[in-house]
Amino acid sequence: MNSFNYTGTTLFSMLMILVIIAMLLIIVINYIVKVRVARSVTDIRKANRVMRQAIDMSEYLIVQLDLKTNCFHNIHDERLPSDGESGIPLDAIRGMVHPDYVDDFDNFIQGLRYGEKQNDHLNYLFNTEYTPGKPSRYHWCNTNGVVENDSDGKPANIILTMIDGTDELHIRQMSNDMADRYSNLFEDSIVGISFYNSDGYLIDCNRMMREICNFESRYDSLFYDTCIFDLAQFNINRDHVEESWLSLHLELAKRQLNKYLEARVVPINNAKGKLQYIALVVRDVTQERDLYMQIRQNEHDIRKASEEIQRYEEQLHYLLENSKMHVWRSSFEPEEIEFLSDLHHTVAKMSIDEFTTCLQTGEQERSRWRMMTPVDDKTYSGQVITRPYKNLLEQDDKIHWYNFIGIPRYDDNGVQQGYFGLIRDVTQLIEEQEMLKQEMERASDSDRMKSVFLANMTHEIRTPLNSIVGFSDLLTVIDSPEEKREMMRIVRSNCDMLLRLINDFLAISSIESNGLSIKPEECDFAREFDDFCQSLAQRVTEPSVQFITENPYTVFRTLLDKDRIGQVITNFVTNAVKYTTQGHIRVGYRVDNPQPLPKGGASGASETPLPSGGNGSGLLYVYCEDTGAGIPKEDCERVFERFVKLNDFIQGTGLGLSICKAIVEGCNGQIGVDSEVGKGSTFWFRIPCEVRELEARS
């Protein structure tokens, strides 16, 4: 029994311990549950508060449609006009839906009401103007519906979340438009754009890139299967792609591709800086390059043409300058004329009135009419007009002759503006033509005079020959010594006359063929002069004529051609004998100090002699004075010309004085005559001489 009691007590104690432990566990578990419930409630409250804040921030309108009453109740936000606890009838909400979307709204509600859908979404236009009587303002409303079932699992309520989606729709539309725009920009860009992955293979490219590369299709395998790193033209470093600009020549025979491109390589990295894409922007500059090359060629051609034009202008300037030609250009408005040394540099400009004033003929009005009148024929090629002008291009008060030639000058509309042409100074040509005319007249006169000379020469030669032959025949039949001497004198005189004729003829022939030969030699001119005079005295046969000689020196040693000087003195005396019938013939000479010779050939030269025995240089002055018929003033110069005879009844050829002039000029001297009709003449010449010895008479 004790044993039993002990056992019972033990069991009771153990039960009590278990009960206590169980109670403690229950208490602990209950505490833990309470703590967890409290924490869950707190979390739920926090979540609810966060959700409410999120709903408040999202501007959502939350309403509940009671399917039993068909009325809407505001759960969050009181924007819908509610009629107290009765809510808003479904028909009232339907009336706020845009008519075009009422059927969609009914289908949306019916699908949730009858359990066809547990949730659904609808976008429709909803009137946000809740005040009756005001105009409707429809906004896009994004509505989400969720079915709330009752305990039997049947739809009891529909919870609707409504938000104004107009701005979102606009933003989405703008995003879509912008995406479309960027897509169009990418596809329709004026430059080629392509994108490659990090391995260098093509991902996509726009239309311009396909045109540049001559794609056969939208996805040409030749280009999609080609790695950009393998293209030598791009020279892109596979391990380190950098942004770069390239100018390259892309040539691909498979696509008949031969173009010049400008390319830009742009690496696109991700947020970690690792290469993700490679953008390639390409611009076809083939046409620009061709245009640039064409421009360079054009510039080269223009530069070459400019050089040619410059060379032509230089040549034209050279021709105009050396041919004494200028360019002239006249204009109708203003009425003026311009003269240019070439096409650019103006020499003179004047009005048409000033131009016509310079004309030295009576054609001023006609000249003005010619310059100011347009021509009707546009093919008019002009005509050469030669006229004299004074102070036109040269301000020297001298008359210049000019050749004018010109053509009409038109503007871009074909209206004549004036004339354009060339002007050439032909003064020298006109003067040469005048000189040629005079020379031709002189040659004609010379030819006529030569004919007369030949006729006279025949007569002059025949006269002494007849006398010589006739008196020579008489010498054989006459016995009287006095008569024979007279006949011999006549024969000698005619022989001398014949010899002079032949000498004159030979002298003039020598002058014309070889020129006059002067051979100076040393001589005593004083003694030679006496010998000349002694011989010439015999030619003076008229008793009423006195022959006088004047030799102021006993010795005059000099260097000259005594024969030529003697020929001149002889011709002087011979002419004096022919024209002097009474009075005297005086022949003399002197040595004058050197000084300029008088231009008029006057006889009044310096007469200061050198001192006796002096040496040096001087002027030998020789004269022949007669008291014959004299020569008119206007004929004093003509007598030294060839074939000139003032009296055809006087025997002679008309060559003597011309030969004298040639001899004196050959000695660098001067010859002339001083004469007065009815009183006589003085023929003289003056030549430079070297005075080696000079002794005057005492």
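In which sense, left-handed or right-handed, does α12 pass α13? The crossing of these two helices is right-handed. Keep in mind as you look around that this is a predicted model.

Two packed helices are described by the angle between their axes and the distance between the axes. Here, α12 covers residues 525–537 and α13 covers residues 562–579; they pack at an angle of about 35°, and their axes lie 11 Å apart. On the α12 side, the contact is made by Phe525, Glu528, Phe529, Phe532 and Leu536. From α13 come Lys562, Ile565, Gly566, Ile569, Thr570 and Val573. Sorted by class, the residues of this contact are seven nonpolar, two polar and two charged.

## A six-stranded sheet

Now let us turn to a sheet. Strands of a sheet pair through backbone hydrogen bonds, either parallel or antiparallel. This one is open and has six strands, in the order β14-β13-β12-β17-β16-β15, with antiparallel pairing. The edges are taken by β14 (346–351) and β15 (385–390); each has a single partner strand, so one side of each is left without a neighbour in the sheet. On average, neighbouring strands are turned by 30° against each other, direction ignored.

## A hairpin

Strands β9 (residues 244–252) and β10 (residues 257–269) run antiparallel and are joined by nine bridges. Across this pair, Trp245 stands opposite Arg264 in β10. Together β9 and β10 form a hairpin, with four residues between the strands. In the turn, Gln256 has a positive phi of about 50°.

## Cysteines without disulfides

How many disulfides does the model contain? The count comes to zero. Cys624 shows how this works for one residue: the closest cysteine sulfur, in Cys533, is 9.3 Å from the sulfur of Cys624, which is too far for a bond, because a disulfide needs two cysteine sulfur atoms within 2.5 Å.

Is Cys624 buried or exposed? With a relative accessibility of 2%, Cys624 counts as buried. Cys71 is buried as well, at a relative accessible area of 13%.

Notes
Residues are numbered from 1 along each chain as its sequence is written. This is a predicted model: local features need pLDDT of at least 70, side-chain atom pairs count only at pLDDT 80 or more; totals for chains, interfaces and linings use all residues. Side-chain values use heavy atoms; hydrogens and water are left out. Two strands pair if DSSP finds at least two bridges between them. Axes are lines fitted to C-alpha atoms, for helices over the stretch in contact, and angles run from 0 to 180 degrees between N-to-C directions. A crossing is left-handed if the near helix is turned anticlockwise from the far one by less than a right angle, and right-handed if clockwise. Contact means heavy atoms within 4.5 Å. Ala, Val, Leu, Ile, Met, Phe, Trp, Tyr, Cys and Pro count as nonpolar, Asp, Glu, Lys and Arg as charged, and the others, Gly among them, as polar. Buried means under 20% relative accessible area, exposed over 50%, partly exposed in between (1.4 Å probe, protein chains only).
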